[in-house]
Structure formats: structure tokens, C-alpha cells
Amino acid sequence: MEIIEKKSYCKINITLNVLGLRTDGYHNLETIIQSIDLYDEISFEKNEEGKIILKSNCMQIPLDETNLIYKGISKTLRYRQIKESDIGITVRIKKNIPIEAGLGGGSSNCATSIKATNEMFKLNLTVEEMIEIGNSIGSDVPFFITEGTGVVEGRGEIVRQIENNMEMYFLLVKPSKGLSTKEIFNKLEIKKLKKRSNIEKVEKSLKEGDYEKLKKSSFNVLQNICEKEIEIIRRIVEELEKGKSLLTLMSGSGSTVFGMYKTEEECVKMEKKILDKFKSNVKTYVVNKI
């Protein structure tokens, strides 16, 4: 039987603003997201059992209809009015992206499942239609349909690809403890925010390759909350700053912190220092933009 194999890439938030609570319960966001080359490996294969079957090497993710991959396949089929019982598909997920990390692993998996279902069953969905499906499932999913570097607004459904002319390598530092996106947003008091990032300046700095302007303009409004929840986040930030990171920021709702460098060699050098200092309390990943 035909097997489709996909790399499901994750992301970091180069900057993140939360503008307010929507009537649908979600928050209005304003962020710039960058795809990076840390990925889960997912294979899709038709089966004769007439149902969606999920298998994984990771015991921490659900393998039922609550999984975002399952939702992605199911909603994509229903978009073309195909019943799940009329087809069968087995999905094998090799998780490499840490969970509860602010890297969008679940949303990326969902987008990958939408694209793979479209390809496997020859549904001829447009990018806009796949984004519509993704938006009905989760906030970050539409971005992962297109990937690259994008300004993302609304609850995540508005995605605009932008130019990024910077050499970017990242050292990701993930504390052993994760954070719940829902819990972090529940702790956010928007009226008390004293600082926001300037999205226009961040976008311009990426286009012009201006590292100094990027560092001055980027900010994550959730970072202070997360630092209070997990104290090691602040210590990681301080250590990366000492290591002359061109940009040090927490991604999304945490708990991953990244330091940005121009070369892979600089990342590897700093990785050793981070592991020497924090030992088994963190996991590290050296990645490039894609």
C-alpha cells in the first residue's frame, strides 16, 4: 500500500503580543513565527479497517480522537463529505519535538495530517481551504500549512508570509518541566501589560538583516508569567544573554527558551556551557530556520 512520509516541523515565536480576549474565548494575537528544522516524523498508510489508527513512540500523547492529527484527518475528509468509515488510515508518529514547550508540535502535526490527507486521497484542496480546515481546529495550525516566516494575527487564522534575510541558528533550551498554554493565558492580565513588541520594526529588521534592531524590538508578553511559574526559565535567559545571544526569548507560552546566533558553531559552543550548568534539568537542540 502507498505510504506517505512527512517531516512535521515546529516553530519559535520571534515576537509575541496578546491584544485582548475575543468573544469566542480565544485571544487576539500579533506575532511573528519562524519555522525551524526540528521535526516529528509521521507516516500515513491506508488500511482496510475503515478507521483512523494512531501509533506513536511517545506515551505522553493521546492516540484517540482528541489527538490533533486525528482531528486534522477527520475534518479534512468531512470537508469533502467523505465518511471516516469509508476509508482507513494508519498514522505512525515518531515524536522528536518536546511537548508543552511552546514550539507548536501538536499544531504542526495537525497541519501535516491535513496536507497528507489531501495528498493521499487526492482531494485537490487549495492552500486557502486547508488553512480554513486548520483554523477550525487550532490557533497555530494555519501557519503550519504554509510555514517559513510569517506575521500571524487574530486567533491565528490571519497569516502573511514575510521576507527574512537573516542568518539564523538557534539553541533551544527546554526545561524538564512544561507549561500548559491554557493555564498561562488564564494568568495573563492584559490591562497590566506595560510593554509590547513593535511588530512593524521586527518585520523590517528581518528584511534588512538588522540584528540590533531585532533585539530591541522583540518581546514576548507571556515570558514574565512563565518565569514566575518555572524559575529556571529566567536563569536560562540570563545564561544565554551572557553568551552573547543575538536574541534571547521564550517561545510562545513556554517553556522553551532560545538563543539566536549567526552560526551553528556558536550554538554548539553555547550548548556545552548550558548543559554543563543545568545538566539533566534541561534538554537542548541546535536548529536552523527553514
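Trainee: Hi! Which residues are linked in a network of salt bridges?
Mentor: Glu231, Arg234, Arg235 and Glu238 form such a network. A salt bridge here is a side-chain nitrogen of Lys or Arg within 4 Å of a carboxyl oxygen of Asp or Glu. Keep in mind that this is a predicted model, where local features need pLDDT of at least 70, side-chain atom pairs count only at pLDDT 80 or more, and totals for chains, interfaces and linings use all residues. Residues are numbered from 1 along each chain as its sequence is written, and side-chain values use heavy atoms, with hydrogens and water left out.

Trainee: Okay, where do Glu231 and Arg234 lie?
Mentor: Both are in helix 9 (residues 231-242), three residues apart, which is about one turn of the helix. By helices I mean DSSP runs of H or I with at least four residues, while strands are runs of E with at least two, and both are numbered from the N terminus.

Trainee: And how many salt bridges does the structure hold?
Mentor: The count is 19. One of them pairs Glu119 with Lys6, with the closest N and O atoms 2.8 Å apart. Glu119 sits in helix 2 (residues 105-120) and Lys6 in strand 1 (residues 3-21), so this pair ties together parts 113 residues apart in sequence.

Trainee: What is the relative accessible area of Glu119?
Mentor: Glu119 has 40%, so Glu119 is partly exposed. Lys6 is partly exposed too, at 25%. The classes are buried under 20% relative accessible area, exposed over 50%, and partly exposed in between (1.4 Å probe, protein chains only).

Trainee: New topic! Which residues form the negative surface patch?
Mentor: Asp37, Glu264, Glu265 and Glu266. Patches are made of residues with over 30% relative accessible area and no salt bridge; like charges are joined within 9 Å, and nonpolar side chains (Val, Leu, Ile, Met, Phe, Trp, Tyr) within 5 Å. Asp and Glu count as negative, Lys and Arg as positive, and His and the chain ends are not counted.

Trainee: Which helix gives the largest share of the negative patch?
Mentor: Helix 10 (residues 264-278), with three residues. Asp37 lies in strand 2 (residues 27-46).

Trainee: Is Asp37 buried or partly exposed?
Mentor: Asp37 counts as partly exposed, at 33% relative accessibility.

Conventions: Areas by Shrake-Rupley, 256 points an atom, 1.4 Å probe, with all protein chains shown as cover. Charge placed at Lys NZ, Arg CZ, Asp CG, Glu CD.
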